[in-house]
Each structure stands twice: as structure tokens, then as C-alpha cells.
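Please view the sequence and the model together before reading on.

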Amino acid sequence: MASARFLDPSSIPLKRQSGGNIWATLLPIIQGAIVIGALAVVGLFFLPVLQTENRHKEELAKLQVKISNAQDQQRELLLETELMKNNSSYVEHIARDRLNMGRPGETILRFDPYPAVAPGSHSAAAAPAGDSSN
């Protein structure tokens, strides 16, 4: 009669542990789901704050780059100011180059710079050497 005891549901150890109550099994699962849901809600409340903080960090980085560029420009202007105060040949160079000034009796010849050529464009002056269409 060992087979009758084998088929007896009361001999299954899992059945005895849960006591046949489904709520005893579902209670920890429901509690875990509530905790995860609460954490998700709290996370959703802090999401806009985190996004705002990231935007502020990006804006701060852009402003620091602007500040650095402005400081570089300030250094260049201070150097140019010192050169204009102390170096007469620099002042003469600036007057000739930027202001189109010259000494009395000088003739000033001004040449326009060549237009910038795009790297991919081909000009007529750069024709192939084997082209003999004369």
C-alpha cells in the first residue's frame, strides 16, 4: 500500500508549508510590487529635477567656453595695446595695413586677395597636362 501513501496530497511538503492559503503566497509578491511601484513614483517626481540639472550643467559648460574665449580675446587686446604704447614700428605697421596710410610722397598699391577656392571645385587654370585643345 505504498502507492496509496504516494498519491496522498497531505504527504506533499509544499502543501503543508503554504497551508493551502493562496494569500500567504501572494502577500510577499504584492508587497514587493508595492515597494517597486512606490520607488517608480518617487523616481518620476525626481526625473524633471534631474533633467533640469543636466540642462544647467550643459549651459554652464557653454558659458565656461565663452568665458575662456573672452579671456583669450582680452589677452590679445592687452598685448596689442602694450605694443601700440611702446613700439612705434608696430603702430606704423597698423597704420599702413589697416588704415591705408602712408608717408608723404609714397604711392600705395593695394591688391585684392584671391577668392577662396573650395577644395572640391576645379578651375580652368588647373587643366590636365595632356589636354592639347590649342
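Arg 96 is partly exposed, with a relative accessible area of 31%; this class lies between buried, under 20%, and exposed, over 50%, as judged with a 1.4 Å probe and protein chains only. The model is a predicted one, in which local features need pLDDT of at least 70 and side-chain atom pairs count only at pLDDT 80 or more, whereas totals for chains, interfaces and linings use all residues. Residues are numbered from 1 along each chain as its sequence is written, and side-chain values use heavy atoms, with hydrogens and water left out.

Salt bridges that share partners join Arg 96 with Glu 92, Arg 103 and Glu 106 into one network. A salt bridge here is a side-chain nitrogen of Lys or Arg within 4 Å of a carboxyl oxygen of Asp or Glu, and by this rule the count comes to six.

Glu 92 is partly exposed at a relative accessible area of 31%. Glu 106 is partly exposed, its relative accessible area being 38%.

**Helix α3**

The protein chain comprises four helices and zero strands, in the order α-α-α-α from the N terminus. Helices (H or I, at least four residues) and strands (E, at least two) are DSSP runs, numbered from the N terminus. At 1.5 Å a residue, the 65 residues of α3 should span 96 Å, and the end C-alpha atoms are 94 Å apart, which agrees; the expected span is 1.5 Å times one less than the number of residues.

Where does α3 kink? A kink of about 35° lies at Phe 46, shortly before the proline Pro 48. The bend is the angle between axes fitted to the seven residues ending at a residue and the seven starting there.

Lys 57 and Glu 53 are four residues apart in helix α3, and are therefore separated by about one helical turn. Lys 57 is exposed, with a relative accessible area of 51%, while Glu 53 is partly exposed at 38%.

Glu 80 also lies in helix α3, and is buried, with a relative accessible area of 18%. Not counting residues up to four places away in sequence, Glu 80 touches Tyr 90 and Arg 98, contact meaning heavy atoms within 4.5 Å.

**Surface**

Of the 134 residues of the protein chain, 3% count as buried. The chain exposes about 12800 Å², of which carbon and sulfur atoms supply 63%; accessible areas come from the Shrake-Rupley method with a 1.4 Å probe, and for residues only the protein chains shown count as cover.

Ile 30, in helix α3 (residues 22–86), is partly exposed, with a relative accessible area of 39%. Together with Ile 22, Trp 23, Leu 26, Ile 29 and Ile 34, Ile 30 forms a nonpolar surface patch of about 630 Å² accessible area. Patches are made of residues with over 30% relative accessible area and no salt bridge; like charges are joined within 9 Å, and nonpolar side chains (Val, Leu, Ile, Met, Phe, Trp, Tyr) within 5 Å.
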